[in-house]
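Here is a set of exercises to work through with the structure open beside you. Try each task on your own before reading the solution.

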Amino acid sequence: ELDTPQMRELFTKLWTWWREAQDAHFRSRAERLRDHEFYDGRQWTDEEIAGLAARGQAALVFNLVKQMVDWIVGTERRTRVDWNVLPREEGDVEGAQLKKELLKFVGDINKVGWHRSLAFEDAAISGLGWIEDCVVSAQNEEPLVSRHQDWKGMWWDPHSRDLQFADARYL
């Protein structure tokens, strides 16, 4: 049953965490949005454009940010490498080869290179890019999925201090 004291307590806890994350991440998310606007060529604020128009000046943009980011992202795409799994001991050679082939297969069916480049592009523009690795139970999809996640849809525990979020209450 959904309307129990335990469910209300859980909802209250999750709602509190959600509001806490929104408050804690507000400034960094606003800066990331601004970074993406710069990349997209929107480098003047409405007030700045109005001020320039009042003086009879055009709000010109020579988008060097986009050129530099595109160069960095292009370099990442040109220097992609395939997976490699090395054995730790002599007896691990066959297992390492099987793992390497499995990673290559999963990467190929999920177009991991493409998704990794999308996450890298987000990171190059605003400092944060995400890849989601998960198991999918839908029968018409591959069971192992690796895909890009837009940073705007990601929320995490603002009290986490571990770079891999091992100490996070939620992600």
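## Exercise 1: A nonpolar patch

L102 is found in helix 4. Keep in mind throughout that the model is a predicted one.

**Task.** Find which residues form a nonpolar patch on the surface with L102, and which helix gives the most to the patch.

**Solution.** 
- Step 1: Start with L102 itself. Its relative accessible area is 46%, so L102 is partly exposed. Patch residues need over 30% relative accessible area, and nonpolar side chains are joined within 5 Å.
- Step 2: Collect the partners. The patch consists of L102, F105, I109, V135 and L144. Together they have about 450 Å² of accessible area.
- Step 3: Helix 4, residues 93-110, gives the most, with 3 residues.

## Exercise 2: The two faces of helix 4

**Task.** Check the span of helix 4 against what its residues should give, then work out which of its residues are buried and where the exposed residues E94 and L98 sit.

**Solution.** 
- Step 1: Helix 4 has 18 residues, which at 1.5 Å a residue should span 26 Å. The expected span uses one less than the number of residues. The end C-alpha atoms of helix 4 are 26 Å apart, so the two values agree.
- Step 2: Apply the burial cut-off, under 20% relative accessible area. In helix 4, A96, V106, G107 and N110 are buried.
- Step 3: E94 and L98 are exposed, on the face of helix 4 turned away from its buried side.
- Step 4: Ask what lies over the buried residues. Their cover includes helix 5 and strand 2, residues 144-149.

## Exercise 3: Salt bridges

**Task.** State how many salt bridges a search of the whole structure finds, then describe the pairs of R8, E37 and R77.

**Solution.** 
- Step 1: Side chains of opposite charge can pair when their charged atoms come close. The cut-off is a side-chain nitrogen of Lys or Arg within 4 Å of a carboxyl oxygen of Asp or Glu. The search finds 11 salt bridges.
- Step 2: R8 pairs with D3, with the closest N and O atoms 2.5 Å apart. R8 is partly exposed at 43% relative accessible area, while D3 counts as exposed at 54%.
- Step 3: E37 pairs with R34 at 3.3 Å between the closest N and O atoms. Both lie in helix 1, residues 5-39, and are 3 residues apart, about one turn of the helix. E37 is partly exposed at 30% relative accessible area, and R34 is partly exposed at 25%.
- Step 4: R77 pairs with E121, the closest N and O atoms being 3.9 Å apart. This pair links distant parts of the chain, with R77 in helix 3 (residues 64-78) and E121 in helix 5 (residues 112-126), 44 residues apart. R77 counts as partly exposed at 35% relative accessibility, whereas E121 is buried at 18%.
- Step 5: Go beyond single pairs. E20, D157 and R169 are linked in a network of salt bridges.

## Exercise 4: Sequence and space

**Task.** Locate S137 and compare how far apart S137 and D167 are in sequence and in space.

**Solution.** 
- Step 1: S137 is in the loop between strand 1, residues 130-135, and strand 2.
- Step 2: Its relative accessible area of 73% is over 50%, so S137 is exposed.
- Step 3: S137 and D167 are separated by 30 residues in sequence, and by 27 Å in space from C-alpha to C-alpha.

Definitions and conventions
Residues numbered from 1 in each chain as written. Predicted model: local features only at pLDDT ≥ 70, side-chain atom pairs only at ≥ 80, totals over all residues. Heavy atoms only, no water. Patch = residues over 30% accessible without salt bridge, like charges linked within 9 Å, V, L, I, M, F, W, Y side chains within 5 Å. Areas by Shrake-Rupley, 256 points an atom, 1.4 Å probe, with all protein chains shown as cover. Helix = DSSP H or I, 4+ residues; strand = E, 2+ residues; numbered from the N terminus. Buried < 20%, exposed > 50% of the residue type's maximum accessible area, 1.4 Å probe, protein only. Contact = heavy atoms within 4.5 Å.
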